[in-house]
Structures are given as C-alpha cells and as structure tokens.
Amino acid sequence: MKALILSDFGREHLYIKETSAPQISENDALIKVQFAGIGEWDQFEINGGYHEMLNIKPEFPYICGSEGAGEIIKKGKNVHHLSIGDLVYACSFLNEKGGFFAEYVAVNQDMIKRIPSHLSSAEASAISGVGTTALRGMMKLELGELDNIIVHGASGGVDHLAVQLAKSITNNVFAVASGEDGVQLCESMGVNALNGKSNLGDVEFSKFNKMLLTTQLEDYRTHTEDMLKPAVIAYPVGNYDVPESNDNQIEVIPYYGDLDKAIIEEFDYHVRNHKIRCNISKVFDIKDFNNAYNHLEKHYTGKLVFRV
Ligand SMILES: NC(=O)c1ccc[n+]([C@@H]2O[C@H](COP(=O)([O-])OP(=O)(O)OC[C@H]3O[C@@H](n4cnc5c(N)ncnc54)[C@H](OP(=O)(O)O)[C@@H]3O)[C@@H](O)[C@H]2O)c1
C-alpha cells in the first residue's frame, strides 16, 4: 500500500512510499482510508516527541495519523458490531500497526464507529481526536446547566467541538475565537463570540465560573482573577505553558485527552444526539503533505484533513 511514512524522526524524513499493509488481529478491523485528520499534535509526533516522552522505542518505517474515516474491508473474528462495507470513523493514537496516513489502517474495534448521516467522511475523519479531548474537558469542568462557560480558543480544533458540547449542557456559553472568521464560525454554532486577538478586554470574565482554555492566555492572571468564583479552568496539556493560579478560589486542571472505549462511546452519543459537526477549513491531497504542515502554522478555523 501507499503511505506517508517516516524513515526517521523529523519532517525531512517524511515520504510517500510503498510499504506493507497492516495485519489485523481478532479484535481489529481493516479500514480503507478515505480521509485522515491532520493533528496540531502531528508535528510533535513527527519529531519523536511522544516516543521520547513516553519512552517508546520507535520502529521505522513509521506511519503517523491518529484519526480518519473510510470503509471496513476486513474484520477479525471477534468483531461483531461492524460489517464489511460500513463507512466508519475511528481514532487510535501511536498505533503500533501504523496510523491513518496510509491506504489501509488496522484499528481495534472499540475505537471505531459508523459515520452518522449528518457528517461527511471528511468531517468524520477529523472529529474524534479533538472531540474526545473537548469532551474530557467538559468532564473535568463538571459542566452543568447552571454554569457559565468561556471557551477560549473557540475557533480551533478542540474548542470548536467544545463550544458545541458545552452548548448541549448549558445555555451560557461564550466563545473567544481567533479572527473575524473564527467569530463567524462560533456565531454559526449559536453562541456569542468575540475576537480574542483584538477584543479580549471586552470579555466580561466576572460572568463566568468555568473555562476551557486551549491557548496561551496572555494576561492569564489579570483576566482570570476576575472570574466568578469559585472558578474552574480546564486545560489540555499541549503547546502552551500550563497556567498556574495563586488564587485558591480558581482551580486549574491540566489534563490529557486519553482515548478509551468509554470516551469513544460517549463522544459518539453526543455527535449523534446533538448533531455535532467538524469544520474543515481545507482538504489536502496526502501527496501535498509539506504544504499541509506549512498551513498548520497559519491561521485557519477548525481542522485540516488529508484526502488519502
Ligand atoms: N493533551 C492532549 O491530549 C491534547 C489533545 C489535543 C490538543 N491538545 C492541546 O490543546 C491545544 C489546542 O489544540 P487544537 O488542536 O485545538 O489546536 P488549534 O486548532 O491550533 O487551536 C488553538 C486555537 O486557538 C486560537 N488562538 C490563539 N490565540 C488566541 C487568542 N488570543 N484568542 C482566541 N483564540 C486564540 C488559534 O488561532 P490562530 O491559529 O489564529 O492563532 C487556534 O484556532 C494545543 O496546545 C494542543 O497541543 C492537547
């Protein structure tokens, strides 16, 4: 099969090449990949960051890609809830059998769901990595219908899913987005929004007791100390410094978006019941991976995907 492979860590070692297709075990299905989500976190993986952090020995050639959508073409003998020909979306992180940037991927059945009818394959391919991270954020915040939440970074991958999940729990959701297109995206999802890069001073932090934060909030203390207390801020650990709080009335919860069967089930339930969408800014042919990764550094809303 053709795949985007790493012959060693580092972007200069990425190539489209022929390699052998993965073998399935009795609990896996083999998916013929149509689209794969490009993760903001891919670059850390490409540079060997996760392997170093988790002390995993890499095997090259190595195939990245932690989420995607496509058709089931083969399944193991224990896989009963899926059929050959099903169109599915799935995710698996640091999969030893190879990632989604390939013609075929072998994925454990617990991580695979059928694509709901309101989603395109491209949308479905990119929704689960950021979506499950957003859902974990809601759980960490213990968001309830009486809470008032600011979603900060709301036009990005994780947070545009968080806006929709939060809205299904409480009517009091405010989005701090990036750029006018980001504001428009959030307003199209039915919430009030402003551009945090130019108008952060206009946010009435005193009205909000919960925050999902996926960006560096420059004047973190100045702004958040005005929050309605006791306040809770959840923060997926990633590119930015983990904010600290000197105020015992403000709890900061850094967390990881770990994947397991339960979070996949629950996220799929929300996607179907609340018609959650994924905003795809741009689709890149997988051969155009260099441009895609350059684009990742620029401003865009929602997610980028590869057509595989
Ligand atoms: N630990 C985990 O399991 C996990 C999983 C997923 C993600 N993460 C982390 O979570 C973070 C978000 O991930 P992501 O995939 O959602 O990334 P992303 O798509 O880049 O989202 C971040 C968004 O924040 C926006 N932003 C930056 N400064 C802003 C400001 N002052 N006001 C309003 N918006 C602002 C960015 O807009 P511009 O592009 O225009 O600057 C971007 O849209 C990253 O740090 C990532 O590493 C962690």
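Into which domains is the protein divided? The protein splits into domain 1 (2-115 + 278-307) and domain 2 (130-255), with bounds from an automatic or database domain assignment. The model is predicted: local features need pLDDT of at least 70, side-chain atom pairs count only at pLDDT 80 or more, and totals for chains, interfaces and linings use all residues. Residues are numbered from 1 along each chain as its sequence is written.

The centres of the two domains, taken over C-alpha atoms, are 29 Å apart. Seven residues of domain 1 contact 10 residues of domain 2 (C-beta atoms, placed from the backbone, within 7 Å). On the domain 1 side, one of these residues is nonpolar, four are polar and two are charged. Here Ala, Val, Leu, Ile, Met, Phe, Trp, Tyr, Cys and Pro count as nonpolar, Asp, Glu, Lys and Arg as charged, and the others, Gly among them, as polar.

The ligand is surrounded by 26 residues (C-beta atom, placed from the backbone, within 6 Å). Gly 156, Ser 178, Gly 196, Gly 238 and Gly 257 are the closest. Nine residues of the shell are nonpolar, 14 polar and three charged. Domain 1 and domain 2 each contribute at least three. Helix α4 gives the most, with three residues (helices are DSSP runs of H or I, at least four residues; strands are runs of E, at least two; both are numbered from the N terminus).

Six strands form an open sheet with parallel pairing, in the order β11-β10-β9-β12-β13-β14 (at least two DSSP bridges per pair). β11 (192-195) and β14 (250-255) are the edges; each has a single partner strand, so one side of each lacks a neighbour in the sheet. Four bridges join β9 (residues 149-152) to β10. Ile 149 stands opposite Val 173 in β10.

Technical notes:
Contact = placed C-beta atoms within 7 Å.
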